[in-house]
Amino acid sequence: QPEGGWPAWNDQGRPVKWLSSKYIAFNLETTSPFTMRVLCQFPSGGNNCGLKNSQNDSVGVGAFVWLPQGVTDVAGAPVRDKFLNVSWYDKFKVSGYVSGRGMLRFKMPLKEMAKMKTGTMYSGTVTVVWDSDI
């Protein structure tokens, strides 16, 4: 869906900056630092995963994560809508026992949307891997 939802785009004619999936909620329980990595069925050649249509046209999509309180990035900042780069493992620290809800979503920027062909369906698999440092 576009930023602000379909009604904002349809009714108000607001320009679309990106398309986004709904947030996908998950529960996280940990006492140890961990890494996250993104694996792509169709690598896009950049820092995103690719989605393809039946003509093999490809567009890029990025994975973004929110993590519960008590989890920070390596610089100590809370993790809020952090882009997960497919080129490396993102490392996270925890402050003791953490139990909470996190969220994952996927976004496609305007430059990728412009490549999409009308009347075709784009698909692909994006896998997010959590790996505990024990």
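Which residues does F92 touch, not counting residues up to four places away in sequence? In this predicted model, F92 touches P33, F34, M36, L67, V71, T72, D73, V79, K82 and L84. Several of these names return in the description of the nonpolar core. The largest such core has 25 residues, and those with the most contacts inside it are F34, M36, V65, L67, V71, L84 and F92. At least two residues of this core come from each of strand 2, strand 3 (34-40), strand 4 (49-52), strand 5, strand 8 (90-94) and strand 9 (98-109). As a general background, nonpolar side chains in soluble globular proteins tend to be buried together.

Seven of its nine residues are buried, so strand 5 is largely enclosed by the rest of the structure. Its pairing with other strands can be followed one partner at a time. Strand 4 and strand 5 run antiparallel and are joined by four bridges; C49 has V61 in strand 5 as its bridge partner. Strand 9 also runs antiparallel to strand 5, with five bridges between them, and K107 in strand 9 is the bridge partner of G62. With strand 7, strand 5 pairs in the antiparallel sense over three bridges. Here A63 stands opposite L84 of strand 7, and L84 is also one of the residues with the most contacts inside the largest nonpolar core.

N53 lies in the loop between strand 4 and strand 5. Is N53 buried or exposed? Its relative accessible area is 6%, and N53 is therefore classed as buried, the limit being under 20%. The side chain of N53 reaches the backbone nitrogen of D57 at 2.9 Å and makes a polar contact with the side chain of Y122 at 3.3 Å. Leaving aside residues up to four places away in sequence, N53 touches T120, M121 and Y122.

Aromatic side chains provide a further view of the fold. The structure holds four aromatic pairs. One of them is formed by Y23 and W66, with an edge-to-face arrangement of 6.5 Å centre to centre and 90° between the planes. This pair links distant parts of the chain: Y23 is in the loop between strand 1 (18-20) and strand 2 (24-30), while W66 is in strand 5 (residues 58-66), 43 residues apart. Both partners are partly exposed, Y23 with a relative accessible area of 37% and W66 at 27% relative accessibility.

A second pair brings F64 and F83 together. Their ring centres are 5.4 Å apart and their planes lie at 55°, so the pair is tilted. Because F64 lies in strand 5 and F83 in strand 7 (residues 82-84), the pair ties together parts that are 19 residues apart in sequence. F64 is buried, with a relative accessible area of 14%, whereas F83 is partly exposed, with a relative accessible area of 27%. The ring of F64 has another neighbour: the charged end of K107 sits over it, 4.5 Å from the ring centre.

Key: Residues numbered from 1 in each chain as written. Predicted model: local features only at pLDDT ≥ 70, side-chain atom pairs only at ≥ 80, totals over all residues. Heavy atoms only, no water. Phe/Tyr/Trp six-rings, centres within 6.5 Å; stacked < 30°, edge-to-face > 60°. Buried < 20%, exposed > 50% of the residue type's maximum accessible area, 1.4 Å probe, protein only. Lys NZ or Arg CZ within 6 Å of the ring centre and 35° of its normal. Core = buried A, V, L, I, M, F, W, Y, C linked by side-chain atoms within 4.5 Å. Contact = heavy atoms within 4.5 Å. Pairing = 2+ DSSP bridges. Polar contact = N/O pair within 3.5 Å; in protein donor to acceptor, adjacent residues only side chain to side chain.
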